[in-house]
Amino acid sequence: MTQRVAVVGGGISGLAAAFHLRELATAREIPLEVTVLEASTRTGGALHTIVREGFVLEAGADSFISDKPEALDLAGKLGLEGDLMGTLEAHRRAFVIHRGKPVEVPRGFSLLAPALIAPILETPLFSLTGKLRILIEPFIKARRGGGDESLAGFVRRRLGQEALDRLVQPLAAGIYMGDPAMLSMQAAFARFVMLEREHGSLMRGMRALRRNPAGGAGGVRWNLFLSLRGGMASMVRAIEDRLGESIKLGAEAIDLARNGAGWRIVMRDNSEIEADAVVCAAPAYAAARLLREVDADLSRALASIEYVSSATVNLAYDAAAMPDLPDGFGVLVPAIERRRIAALSFSSLKFLNRAPTGKVLMRAFVGGALNPEIMRLSTEAMIDVVRDELREILGIRSAPLFTYAWRWPRSMPQYQVGHLERVAEIEQQAAAVNSFALAGAAYRGVGIPDCVRSGIRAAESVFSQLAAQG
Ligand SMILES: Cc1cc2nc3c(=O)[nH]c(=O)nc-3n(C[C@H](O)[C@H](O)[C@H](O)COP(=O)(O)OP(=O)(O)OC[C@H]3O[C@@H](n4cnc5c(N)ncnc54)[C@H](O)[C@@H]3O)c2cc1C
């Protein structure tokens with residue numbers, strides 16, 4: 001008999017789960033019907049590309065790291081190898097705003113760890129006291145005990161307040177748009193916890209990694225970012241092509257109820273869908289709502305994962321109208337600078353093919369935990385704020401050829417201190433719910449490869465549960 005799996009949520013986690021369920025069913029020759037229920041009018045969630053007048057605009061994610069292999073493997077299975085592209089080496093630099101103007105991020109500084117001394121001494125980013133505080137890092141005793149700690153606590157302890165305010169906060173905001181006083185080291189920056197544990201110091205650990213990039217800290221090779229020629233949505237389109245009719249758009253699940261060993265899914269339009277198993281790949285707050293009647297404790301635990309909202313504003317320009325701009329991938333804006341944007345990418349310097357010849361594409365990030373007020377503005381007012389900031393920070397006075405703003409309400413889960421314990425509890429409770437699995441950015445990694453992995457694991461879990469039921 002054909003078994004039916006419903007995947008709630010058509011972001012990359014849900015799509016990866018549905019795709020892998022199909023793969024498993026084909027490999028084992030088991031008849032399986034997979035349906036993806038997506039509330040909005042498009043799949044992809046935080047992956048959303050718009051092509052306009054020869055520009056490739058990313059409204060959401062613009063790249064993924066290749067050292068966690070899941071997204072790269074998926075691209076391979078989808079026949080997208082030929083479309084993959086790395087960042088443009090020649091412009092591989094980042095800047096950070098200091099007293100209103102861009103300053104290059106010191107060489108060798110990786111997210112929250114310095115590897116080299118000279119660039120720290122030379123940068124105008126820190127005061128003399130701030131520099132000395134960073135450079136005594138190797139002499140600061142490693143923390144004993146295994147409890148979690150906030151990003152702010154960790155960085156203050158190892159590198160001092162200036163490093164936190166001037167560099168680490170904006171670098172970390174680029175990933176989580178979060179508040180460093182709340183973000184969990186163990187959940188969000190585990191590799192740096194490991195560097196401290198293994199080497200007693202971030203700087204020593206970074207040096208060891210540079211000498212032997214294949215060893216230590218899980219053998220990570222950092223900073224290999226990939227994108228796709230047609231934008232990140234190419235991956236979504238390729239999965240859609242494989243799944244075809246199985247995807248239902250405008251299909252918002254609002255409640256889950258048991259139906260024997262299987263499920264009845266209540267939809268927003270009051271229709272009901274029956275399934276033998278459910279993968280819930282919607283955000284944790286949506287999963288909480290779906291599971292209210294099924295398991296109140298699990299529902300409460302899911303609801304405790306906080307989210308923040310953000311928006312991106314793409315701006316297309318004529319290159320001839322641009323002043324001299326910093327030559328790099330982008331500019332980070334520390335909260336301490338009290339500006340209204342969090343970061344700016346020079347998209348057409350970061351990747352090939354993002355703007356036609358003679359044109360420039362930029363993208364600003366706004367909102368997040370430290371600047372939530374901007375989300376209350378109208379889209380026009382938000383774009384005006386971004387243009388004001390570009391004028392003040394970079395001297396860009398000319399009008400853009402066009403702009404494109406996209407809001408991401410409650411789209412970025414916040415891994416707060418204690419997140420891993422919370423997730424372990426959620427996973428334990430979810431494992432006790434028959435024919436059910438969770439996937440998504442809320443749990444064990446927000447990056448695209450993490451989300452793909454979570455989808456694959458959820459697919460494997462419900463597939464084996466169904467197989468066990470016969
Ligand atoms: C602006 C932005 C930029 C980012 N940049 C990067 C980057 O460059 N690189 C990177 O690796 N990561 C990046 N990320 C993170 C990464 O893109 C996301 O973590 C990931 O795409 C989340 O995928 P997901 O499927 O778990 O969730 P989502 O993409 O949020 O998808 C969830 C889906 O579920 C649907 N849904 C919700 N409720 C229901 C319901 N009740 N019924 C049915 N459907 C429902 C939603 O409509 C949505 O489509 C970025 C994220 C954002 C927001």
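1. Which strands does helix α6 (residues 161-176) lie across? Helix α6 lies across β7 (94-98), β18 (330-332), β19 (343-345) and β21, and its direction is at about 120 degrees to β7. Here helices (H or I, at least four residues) and strands (E, at least two) are DSSP runs numbered from the N terminus, while axes are lines fitted to C-alpha atoms, for helices over the stretch in contact, with angles running from 0 to 180 degrees between N-to-C directions. Two residues are in contact if their C-beta atoms, placed from the backbone, lie within 7 Å.

2. Please keep in mind that this is a predicted model, in which local features need pLDDT of at least 70 and side-chain atom pairs count only at pLDDT 80 or more, whereas totals for chains, interfaces and linings use all residues. Residues are numbered from 1 along each chain as its sequence is written.

3. An open sheet is formed by seven strands in the order β8-β7-β18-β19-β20-β17-β21, with mixed pairing; two strands pair if DSSP finds at least two bridges between them. Because β8 (101-104) and β21 (402-413) stand at the edges with a single partner strand each, one side of each is left without a neighbour in the sheet. On average, and with direction ignored, neighbouring strands of this sheet are turned by 25 degrees against each other.

4. Within that sheet, strand β17 (residues 307-318) pairs with strand β20 (residues 359-367) in the antiparallel sense over nine bridges, and Ser 310 stands opposite Gly 367 in β20.

5. A further open sheet has three strands in the order β5-β11-β6, and its pairing is antiparallel. Its edges are β5 (64-65) and β6 (84-86), each with a single partner strand, so one side of each is left without a neighbour in the sheet. Two bridges join β5 to strand β11 (residues 225-228) in the antiparallel sense, and in β11 the bridge partner of Ile 65 is Phe 225.

6. The domain assignment, whose bounds come from an automatic or database source, gives domain 1 (3-44 + 231-305 + 415-469), domain 2 (108-139 + 149-217) and domain 3 (307-413). The centres of domain 2 and domain 3, taken over C-alpha atoms, are separated by 26 Å, and 11 residues of domain 2 are in contact with 14 residues of domain 3.

7. Around the ligand there are 36 residues, of which Gly 9, Gly 11, Gly 45, Ala 61 and Ala 441 come nearest; a residue is near a molecule or strand if its C-beta atom, placed from the backbone, lies within 6 Å of it. The elements that give two or more residues to this shell are α1 (12-28), β17, β21 and α16 (448-469). At least three residues of the shell come from each of domain 1 and domain 3.

8. Just after α16, Gly 470 takes a positive phi of about 85 degrees.
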